[in-house]
Amino acid sequence: MIEFEQVSKQFPDGTAAVKSFDLTINQGEFFVLIGPSGSGKTTTLKMINRLIDLSDGTIFINGKKISDYDLHELRWNIGYVLQQIALFPHMTIEENIAVVPEMKKWKKEKIARRVDELLEMVGLDPKTYKHRKPSELSGGQQQRIGVVRALAADPEIILMDEPFSALDPISREKLQDDMVNLQKAIKKTVVFVTHDMQEALKVGDRICIMKDGEIVQVGTPNELIYHPINDFVKEFIGKTNQRERPFNLENVLSPTHSQPFDGLKIPVTSSLQETLGALSERDEIEVEKDGKIIGFVNRQAIIQHLVNDMNEGEKSE
Ligand code: ADP
Ligand code: MG
């Protein structure tokens with residue numbers, strides 16, 4: 001059980017990110033934190049495993065103040081999954097999964113068994129996958145490994161910060177299903193951050209809607225849908241069918257380029273992150289699909305894409 005008692009976080013620059021939070025997350029519950037960007041979701045999550053210190057109040061895990069836990073013990077017993085796939089690129093899948101069990105000094109055979117068991121649990125054949133490097137897996141498979149790694153040392157609590165938002169809609173829905181099934185099977189306490197109400201309603205036993213660092217309403221999907229406490233909640237629920245557009249390079253292409261060209265190209269399947277990375281050094285890159293150059297992407301187009309997304313977010317908030 002995780003209990004927040006009058007928890008606040010004020011950053012040194014004066015930003016009040018979380019304001020007098022009172023909240024109880026039950027053992028074995030799939031608990032979702034949702035709210036617009038900047039509402040304090042990540043801060044709330046990071047306070048649980050002490051990646052961020054509280055300014056005020058107390059968080060208890062199983063009745064004990066988090067400040068009274070040994071920091072390593074606390075972190076190892078809390079799995080953490082991030083939005084960006086954060087696997088070590090030079091390590092195999094097996095080595096990636098084994099990181100925390102190794103820190104906990106598990107025996108080699110126990111770790112090997114655990115790796116196989118976890119890979120099977122998420123539908124990846126251990127023989128095929130455990131000796132691969134992350135780059136030899138699809139994005140959806142890599143994020144699956146991210147989830148598995150968080151579960152590896154059998155933590156009691158799993159924190160997930162928008163874990164599926166960078167995935168294509170199909171991988172995303174599949175992983176949502178997997179996560180729900182997995183949690184039912186292993187009965188861990190999951191604290192899951194999202195800004196997608198559809199996702200929240202799908203996975204959450206209970207959902208906490210946040211705004212400006214405060215709790216607006218906590219309830220089951222049914223309670224929120226049928227008894228929203230105010231217009232903000234009503235509107236938030238209303239957003240369910242307006243999902244955020246996944247990034248697709250084909251939507252931001254221009255047919256011609258404006259400058260002499262150095263021939264750098266990226267595949268049309270590149271993520272927003274990868275595209276931004278490629279554009280950090282130059283203004284424009286060729287985009288390739290099935291071995292052919294299908295157009296160009298430039299910084300301006302990406303900025304426009306980001307602005308459009310932000311405008312959409314604001315309109316619906
Ligand atoms: P969310 O995850 O809901 O988007 P965050 O918890 O990341 O929100 O941020 C909540 C607020 O705190 C935002 O206004 C954000 O700009 C601010 N914030 C987050 N981290 C810091 C920091 N290290 N220093 C100052 N302000 C921060
Ligand atoms: Mg966040």
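Start with serine 8 and serine 20. The side chain of serine 8 reaches the backbone nitrogen of serine 20 at 2.9 Å. That is a polar contact: a pair of N or O atoms within 3.5 Å, where, within protein, one must be able to donate a hydrogen and the other to accept it, and residues adjacent in sequence count only if both atoms are side-chain atoms. Serine 8 lies in strand S1 (residues 2-10). Helices (H or I, at least four residues) and strands (E, at least two) are DSSP runs, numbered from the N terminus. Serine 8 is buried, with a relative accessible area of 17%. Buried means under 20%, exposed over 50%, and partly exposed in between (1.4 Å probe, protein chains only).

A word on the model before moving on. It is predicted: local features need pLDDT of at least 70, side-chain atom pairs count only at pLDDT 80 or more, and totals for chains, interfaces and linings use all residues. Residues are numbered from 1 along each chain as its sequence is written, chains are lettered from A and ligands numbered from 1 in the order written, and side-chain values use heavy atoms, with hydrogens and water left out.

Next, select ligand 1. Around ligand 1 you will find Phe11, Asp13, Thr15, Ala17, Pro36, Ser37, Gly38, Ser39, Gly40, Lys41, Thr42 and Thr43. Each has a heavy atom within 4 Å of the ligand. This shell divides into three nonpolar, seven polar and two charged residues. Here Ala, Val, Leu, Ile, Met, Phe, Trp, Tyr, Cys and Pro count as nonpolar, Asp, Glu, Lys and Arg as charged, and the others, Gly among them, as polar.

Zoom in on the ligand's oxygen atoms. One is 2.5 Å from an N or O atom in the side chain of threonine 43. For the side chain of threonine 42, the distance from a ligand oxygen is 2.8 Å. A backbone N or O atom of serine 39 lies 3.2 Å from an oxygen of ligand 1. The protein covers 62% of the 560 Å² of accessible area that ligand 1 has on its own. That area comes from the Shrake-Rupley method with a 1.4 Å probe.

Now colour helix H1 (residues 41-48). H1 gives the largest share of the ligand shell, three residues. Six of its eight residues are buried, so H1 is largely enclosed by the rest of the structure. Select the buried ones: Lys41, Thr43, Thr44, Leu45, Met47 and Ile48. After H1 comes arginine 50, with a positive phi near 60°.

Move to the second largest pocket. It holds about 550 Å³ of space. Of its 24 lining residues, the closest to the centre are Arg75, Ile78, Tyr80, Val100 and Arg149. Helix H2 (71-76), strand S6 (78-81), helix H4 (99-103) and helix H7 (139-151) each give two or more residues to the lining. The lining has 16 nonpolar, six polar and two charged residues. On a 1 Å grid over the protein atoms alone, a pocket is an open set of points where a 1.4 Å probe fits, with protein on both sides within 12 Å along at least five of seven lines; lining residues have an atom within 4 Å of a point. Points are joined across faces, edges and corners, and the volume is the space filled by probe spheres set on them.

Stay with H7 and pick glutamine 142. Is glutamine 142 buried or exposed? Glutamine 142 is buried, at 16% relative accessible area. A polar atom of its side chain lies 3.0 Å from the backbone oxygen of proline 134.

Finish at aspartate 154, in the loop between H7 and strand S7 (157-161). Aspartate 154 is partly exposed, at 44%.
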